[in-house]
Amino acid sequence: MVVPLDSPQPVFPLAPLDAIPDREEDKPVDGLPLGKIGPMGLPEIVFGAATFSNTYNSDSTIASDIPVRTTRLALRYGINAFDTSAYYGPSEIILGTALKVLELEYPRSSYKLITKCGRYGLSQAEFDYSPATVRASVKRSLERLHTDYLDTVYLHDVEYVCTPVGPQSGHHAAALADRSAEYGLAPGQEATVWGPGDQAILDAVAELRKLQDEGVVKHVGISGYPLPTLLRLALLVLHTAPFMPLDVLLSYSHSNLQNATFAAFAPLLRGRAGIPQLLTASPLNMGLLTPNPPAWHPATRELREGARRAREVCEDQGWEGGLPNVAVGYGFRQGAELDVPVVVGLSNLREVHESVRAWREVKEGEGEAKRVALEQRVVEAFGEHVGWSWISPP
């Protein structure tokens, strides 16, 4: 459950470090170390901390020592950047508590904190991009995360606030071809404010820039799902005074086996919109490419059926780790090819080990021919829905 800005905050007790188990499973497996990627010097795997919430885990899990141990193992592997949000229930609080427990071994200078503001619930009515709320949200995030600065703050899920332009679902690669004007992406449309939602985006970015000038926020960016909308807003920011590009942009669920459209947009986000740092998130496509896709997932019936076929393909091949391993490995390969870090949700020790194992297999080329062939069969399982984006907001 999202915690409103003006309500009492949950408290998770700080356990002494010597009370936290440190067993063999808490130790990293020897092997290829993670590298840094992009101008912000981020690790190739970024810790997605939305998992520290009731959306993905039970109350008993997030109140246990598992978040601290998971965070510590990630840091031991070199996964030293964390992505969270004001929207992810108690995630900021739990992550901040875990890092506070570990501060003697891992001081603030040893990791990067990335959070989001503007979204405080499921519906569009629960978004607030007003400058006052942006500032209040950042202030609360600082307190929750026990820090006096944030490495990156995104406006969260900008498509819920901006003025809608163009088709909201479908094969969005069309926006880069003969339908660019329909999406507001044609030459000459860059500075167009299509409505009050677009102005709200500009005002919120301006407030984050003020916080950046104050040294509270190091990098300013936006996040969201529909790629044409992300590109359009990035261009709008660049072509509006003070004519500065965004520092960073996060795209999710568009660099995976069902939908890899991010690869077509990345050159334009960098070149045309001038954004130096890009990230992708959710190679598991928000859980669609797992054994049990969540009931709340926005996928259509056809997409869910494609995911079922994809799981069967991996099971028939007897692939260790099944579809999740294939999907995460594919996401890491795409990230390496596009020179972008990949945000992966990590709930527990096993998931940290598995993610690093998949990354190493891809980097070292272990079983590459078999893996690539299986990836292709998984892609084919989605048929005409390869590259298809669901509607957001619904």
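In which segment does P393 lie?

A: P393 lies in the segment after α11 (368–380). Helices here are DSSP runs of H or I with at least four residues, strands are runs of E with at least two, and both are numbered from the N terminus. This is a predicted model, in which local features need pLDDT of at least 70, side-chain atom pairs count only at pLDDT 80 or more, and totals for chains, interfaces and linings use all residues. Residues are numbered from 1 along each chain as its sequence is written, and side-chain values use heavy atoms, with hydrogens and water left out.

S392 and P393 are joined by a cis peptide bond. Its omega is about 5°.

Another cis bond runs from A241 to P242, with omega near 10°. P242 sits in the loop between α6 (227–238) and β8 (248–252).

Next, F243. F243 also lies in the loop between α6 and β8. Its phi is positive, about 60°, although F243 is not a glycine. F243 is exposed, with a relative accessible area of 53%. Exposed means over 50% relative accessible area, buried under 20%, and partly exposed in between (1.4 Å probe, protein chains only).

H146 has a positive phi too, about 55°, and is not a glycine. Look for H146 in the loop between α4 (131–144) and β6 (150–155). H146 is partly exposed, at a relative accessible area of 44%.

Why point these out? Most peptide bonds are trans, and most residues other than glycine have a negative phi.
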